Number of protein chains: 2
Amino acid sequence: RCENLVEVYFQLQKQVMAMSTEPELLPRLLERLNEVLSSLVKSSFLVEKQPPQVLKTQTKFQANVRFLLGPRLLKAAPKPYVVRADMVTEKQARELELSNYNNTLSESTGEIVHNTVALETNPTSGTCCANFKNVLLKKIKRCERKGSESVTEEKCAVLFSTNVTLTPSNVSIHLQVLSLPIVVIVHGNQDNNAKATVLWDNAFSDIERVPFVVADRVPWDKMCDTLNLKFMAEVQTTKGLLKEHYFFLAQKIFNDHSASPEDFQGRQVSWAQFNKEILPGRGFTFWQWFDGVLDLTKRCLKSYWSDRLIMGFISKQYVCKLLSMEPDGTFLLRFSDSEIGGVTIAYVIRGKDGSSQVENIQPFSAKDLSIRCLGDRIRDLGQLRNLYPNIPKDQAFGSHYNSEWGGLG
Amino acid sequence: RCENLVEVYFQLQKQVMAMSTEPELLPRLLERLNEVLSSLVKSSFLVEKQPPQVLKTQTKFQANVRFLLGPRLLKAAPKPYVVRADMVTEKQARELELSNYNNTLSESTGEIVHNTVALETNPTSGTCCANFKNVLLKKIKRCERKGSESVTEEKCAVLFSTNVTLTPSNVSIHLQVLSLPIVVIVHGNQDNNAKATVLWDNAFSDIERVPFVVADRVPWDKMCDTLNLKFMAEVQTTKGLLKEHYFFLAQKIFNDHSASPEDFQGRQVSWAQFNKEILPGRGFTFWQWFDGVLDLTKRCLKSYWSDRLIMGFISKQYVCKLLSMEPDGTFLLRFSDSEIGGVTIAYVIRGKDGSSQVENIQPFSAKDLSIRCLGDRIRDLGQLRNLYPNIPKDQAFGSHYNSEWGGLG
DNA sequence: AGGGTTTCCGGGAAAGTGT
DNA sequence: ACACTTTCCCGGAAACCCT
């Protein structure tokens with residue numbers, strides 16, 4: 001608790017003042033003490049509630065900053081101090097960081113409506129906060145972009161700043177703190193790509209860094225962890241991704257279908273592979289596809305996934321190999337490769353002569369599944385008998401059956 | 001062409017000036033002439049393109065005012081004159097009218113963005129206009145409303161105003177003109193009711209009136225004409241409403257099922273009956289229902305209506321009487337009474353014993369018909385044979401058949 | 001509690017912009 | 001021509017407001 005540190009400071013100050021026996025040392029000691037105090041005070045000004053890291057213009061959002069030492073150092077403020085929130089570019093953030101937050105901002109990169117809020121000490125909780133509700137970014141001024149950079153790769157931040165005068169010492173001090181990096185969008189169709197930028201940044205940036213540099217390529221292992229955590233967080237499940245899933249994802253993102261799982265271990269994956277390059281023969285990037293899966297699973301398949309009824313991340317070819325050796329009507333579920341946010345059923349038809357043919361049903365989208373849920377659709381399809389490897393479908397999906405046909409236009 | 005009048009004025013002025021033989025009369029004559037000029041000039045400032053009479057906040061709209069005498073009287077304007085557009089309440093409009101447009105506006109009842117536009121003379125067309133594109137009403141300040149009045153009954157207007165200095169005489173003059181009355185809405189769900197207010201006002205207001213008074217009740221005959229004109233304009237058809245339709249509508253709006261068509265002729269219908277009172281047992285007013293029919297017909301039934309295949313405005317009871325005397329499979333189309341914007345098929349089933357039963361199919365909405373059109377739906381239904389009175393359905397609807405079953409998820 | 005009124009905002013459609 | 005980016009705006013949902 002940093003308030004204790006302040007107490008230590010004041011005790012030290014007293015001691016130094018008392019120590020008037022060595023007058024030529026005193027000024028230097030005091031100066032040093034003041035520096036320490038200033039740095040301590042500045043670092044106790046924090047963003048308690050971050051603004052959304054994907055921020056849409058013309059859409060209200062919330063944020064909250066807290067001055068930990070406020071209750072101690074602003075005891076009898078004559079008029080309430082006001083905290084400003086301003087949009088700053090990555091470049092501006094970097095300059096601020098370089099100046100050790102001693103510069104002040106010249107101009108912001110986007111107008112925030114209702115961007116000043118009083119810094120108030122709540123007497124009951126003893127916290128000193130400025131609570132931004134109903135803040136709204138009206139318009140964003142984009143930076144110069146070089147080459148293939150898209151606006152959803154551009155990071156900016158909200159700078160919270162205020163001037164306060166500390167009560168006992170009467171020292172005036174300029175407090176500033178940056179939010180986490182933010183990607184500003186103007187329409188929902190940019191949400192995907194903005195999320196990719198934020199995910200990459202959050203996962204792979206060093207804690208101490210020049211804002212907002214981040215590696216351009218990272219070990220595939222780390223990417224796997226990130227995707228796994230994201231999947232579990234987004235879908236709200238405790239069942240994470242498995243080794244075979246990672247293998248499939250590696251094949252997809254590296255577009256390499258000959259390497260072994262071990263080969264992928266040591267590989268590096270680039271930002272371009274993650275969300276710039278179009279997957280061969282598809283109209284979307286790896287992340288756009290993966291995010292589609294996240295969305296579909298979150299919305300319609302959470303319980304199925306958590307019951308491990310969805311193999312999901314597996315290639316059509318491999319499914320074909322697996323199923324062709326199984327009895328008639330064996331099926332499994334995989335995410336569509338060709339369609340964003342689709343899940344498809346693969347099943348085997350085995351002739352009396354022992355010949356086998358693997359069929360893939362036209363993928364279901366979240367919209368389809370909101371009309372009739374997956375369980376019911378599986379029940380409807382007579383050609384499906386056993387979930388791979390060998391679970392009778394009624395046993396596997398029985399608890400997900402919802403309604404007989406009828407009802408629902 | 002009022003420019004001629006100006007010429008007459010200038011000639012008169014010259015003559016009067018020349019007529020210095022009677023010096024004591026001169027000042028009075030001149031004064032009178034100036035009055036005439038002023039009134040002439042003022043009345044040549046017109047709204048060429050009216051703003052929408054149902055105006056939604058936060059939605060761009062256009063308008064255009066024209067100063068007919070501009071090209072004649074503003075020949076060498078030093079700097080361009082600017083026309084303002086301001087929202088005024090009905091009360092303010094009335095006060096302006098009373099002052100004969102000599103007052104100036106103190107405050108508007110809603111902020112219009114980009115509300116000043118230059119009054120420019122187009123050299124090629126020789127017109128002097130101020131063209132408001134990209135105007136937008138940001139917010140509306142509602143008036144005090146008494147009792148049961150709804151915001152969609154509130155009329156306001158746009159006041160266009162400017163100050164110009166006439167070139168030859170160097171007289172400065174304040175030009176003002178009001179738009180037609182406007183109902184301001186904030187959401188599409190108010191559109192219905194706003195349209196009712198506007199329709200009533202446009203149809204039943206006197207040309208000369210205090211803004212914006214209008215009768216509270218009007219002869220049913222006039223209402224019929226109005227509904228008919230509205231129907232034809234909205235649906236874009238040359239086939240209007242028929243006597244029997246009016247009779248049915250009268251029964252509905254007056255909630256009187258015993259009166260004869262002649263009885264209704266002389267009746268008065270009130271605004272309340274038109275769009276305030278809820279139809280008994282329904283959740284909507286007469287106009288809301290009628291507007292639903294307009295919308296449905298415009299969007300999905302235009303050609304059917306124009307081919308007179310839709311009886312439409314007819315009561316369930318009367319249909320029952322008609323059909324019960326017809327052979328099996330005789331059907332007709334009527335607008336649903338219970339559902340806004342629905343069309344239903346009534347048909348007769350006749351048993352071998354001669355007994356007959358009239359059935360009504362669940363009404364189709366515009367959404368239903370956009371999925372599969374009415375013609376196809378009639379084709380699908382095997383129990384339908386002949387359109388009342390006696391046209392084989394393939395003959396009546398054949399040209400409206402569109403697709404066999406299949407296609408379309 | 002319920003209807004009238006307004007705000008919020010997702011997402012389709014179209015316009016604008018750069019290449 | 002095309003893809004990226006933004007604006008416009010409909011209409012569902014929720015909040016707000018007034019009984």
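This is a predicted model: local features need pLDDT of at least 70, side-chain atom pairs count only at pLDDT 80 or more; totals for chains, interfaces and linings use all residues.
The surface near DNA strand C has two nonpolar, eight polar and three charged residues. For the complex, the predictor gives an ipTM of 0.86 and a pTM of 0.88.

**Confidence in chain A**

Chain A has a mean pLDDT of 89. Of its residues, 94% reach 70 or more.

**Overall form of chain A**

Chain A has 14 helices and 18 strands. Its radius of gyration is 28 Å, while the globule rule gives 22 Å for 409 residues, so chain A is more spread out than a compact globule. Along the principal axes, its C-alpha atoms fill a box of roughly 105 × 50 × 40 Å. Buried residues make up 32% of the 409 in the chain. Take the contacts in chain A with a separation of 6 or more: 62% of them come from residues 24 or more positions apart.

**Domains of chain A**

The domain assignment divides chain A into domain 1 (2–41), domain 2 (48–204) and domain 3 (217–400). How far apart do the C-alpha centres of domain 2 and domain 3 of chain A lie? The distance is 40 Å. Domain 2 of chain A puts eight residues into the contact, and domain 3 of chain A puts in 10 residues. On the side of domain 2 of chain A that touches domain 3 of chain A, five residues are nonpolar, two are polar and one is charged.

**A closer look at A:Phe254**

A:Phe254 is found in helix H7 (residues 243–254) of chain A. Why does A:Phe254 count as partly exposed? It has 17 other C-beta atoms within 10 Å. A buried residue needs 20 or more, and an exposed one has 12 or fewer, so a count in between is partly exposed. Leaving aside neighbours within four places in sequence, A:Phe254 is in contact with A:Arg267 and A:Gln273. A:Ser270 is 16 residues from A:Phe254 along the chain, and the C-alpha atoms of the two are separated by 9.5 Å.

Technical notes:
Residues are numbered from 1 along each chain as its sequence is written. Chains are lettered from A and ligands numbered from 1 in the order in which they are written. Ala, Val, Leu, Ile, Met, Phe, Trp, Tyr, Cys and Pro count as nonpolar, Asp, Glu, Lys and Arg as charged, and the others, Gly among them, as polar. Helices (H or I, at least four residues) and strands (E, at least two) are DSSP runs, numbered from the N terminus. The radius of gyration is taken over C-alpha atoms; the globule rule is 2.2 Å times the number of residues to the power 0.38. Two residues are in contact if their C-beta atoms, placed from the backbone, lie within 7 Å. Domain bounds come from an automatic or database domain assignment. pLDDT is the predictor's confidence in each residue, from 0 to 100.
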